[in-house]
Amino acid sequence: MKKKPLVGIVMGSASDWEVMQQAAKQLADFGVPFEAKALSAHRTPTELEAWVKKLAQGGARCFIAGAGGAAHLAGVIAAQTTLPVLGVPMPSKHLQGLDSLLSIVQMPKGIPVATFAIGEAGAANAALFAVAMLALGDAKLAARLQAFRKKQADAVKSVRLPV
Ligand code: RP5
């Protein structure tokens, strides 16, 4: 039987998948069950609300939301749930994602969204942050996260420069 999603990954458009698949890949690598969906704060607000409710009631622990331009997706989700919402700004055509970043990061006091870097690094880091939160109550996951960090450190330490 398919495991219930612990993380909801949502993006404003199918065109965001190219970036947001980094979040999905990272969660899959850690064995964290997730559900990924394209839903828009502006174009499908009713369906978005129903999906957030469904996931929250089903036991999801946080949401990762990627959107571009006037990127209200993460904020709109945060308005509907007290679960942590992690926002990922998409690179955009005209302002290279600065519009997305400012739209996501400038939430009004009282409704927080944790905002990550623009693009692929942000998508992967949002997933790693979700893993870190879940690892607080899951020793096996915490050990996997430690091993992941060690692997990165070892890769840096093994570098031999040609001098
Ligand atoms: C936003 O507008 C989406 O998150 C996407 O980043 C951007 C462009 O959307 P499409 O025109 O590809 O549907 O809502």
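**Sheet and helix packing in a predicted model**

Let's start with the sheet. Strand β1, residues 7-11, runs parallel to β2, and five bridges join the two. Strands are DSSP runs of E with at least two residues, helices are runs of H or I with at least four, and both are numbered from the N terminus. Two strands pair if DSSP finds at least two bridges between them.

A word on the source. This is a predicted model, where local features need pLDDT of at least 70, side-chain atom pairs count only at pLDDT 80 or more, and totals for chains, interfaces and linings use all residues. Residues are numbered from 1 along each chain as its sequence is written, and side-chain values use heavy atoms, with hydrogens and water left out.

Back to the strands. I9 stands opposite A36 in β2. The open sheet has five strands, ordered β2-β1-β3-β4-β5, with parallel pairing. Its edge strands are β2 (34-38) and β5 (114-115), and each pairs on one side only.

Now the helices on the sheet. α1 packs there, touching β1, β2, β3 (62-67) and β4 (85-89). Contact here means heavy atoms within 4.5 Å. The direction of α1 makes about 170 degrees with that of β1. α5 also packs on the sheet, touching β1, β3 and β4, and its direction makes about 165 degrees with that of β4. Axes are lines fitted to C-alpha atoms, for helices over the stretch in contact, and angles run from 0 to 180 degrees between N-to-C directions.

How do α1 and α5 pack against each other, at what angle and axis distance? Helix α1 (residues 17-29) meets α5 at about 30 degrees, with the axes 7 Å apart. They are therefore roughly parallel; the class covers angles under 35 degrees, while over 145 is roughly antiparallel, 65 to 115 roughly perpendicular and the rest oblique. Among the contact residues are V19, A23 and L27 of α1, and A124, L128 and V131 of α5.

Next, α5 (residues 120-135) and α6 (residues 139-157). Their axes come within 8 Å and cross at roughly 140 degrees. The two are therefore oblique to each other. α5 passes α6 in a left-handed crossing. L128, V131, A132, L134 and A135 of α5 meet L141, A142, L145 and F148 of α6.

Last, the aromatics. There are three aromatic pairs, with ring centres within 6.5 Å, using the six-membered ring of Trp alongside Phe and Tyr. W51 and F63 have centres 5.7 Å apart and planes at 65 degrees, so this pair is edge-to-face. That class means planes over 60 degrees apart; under 30 is stacked, and the rest are tilted.

Terms used: Left-handed = near helix turned anticlockwise from the far one by under 90°.
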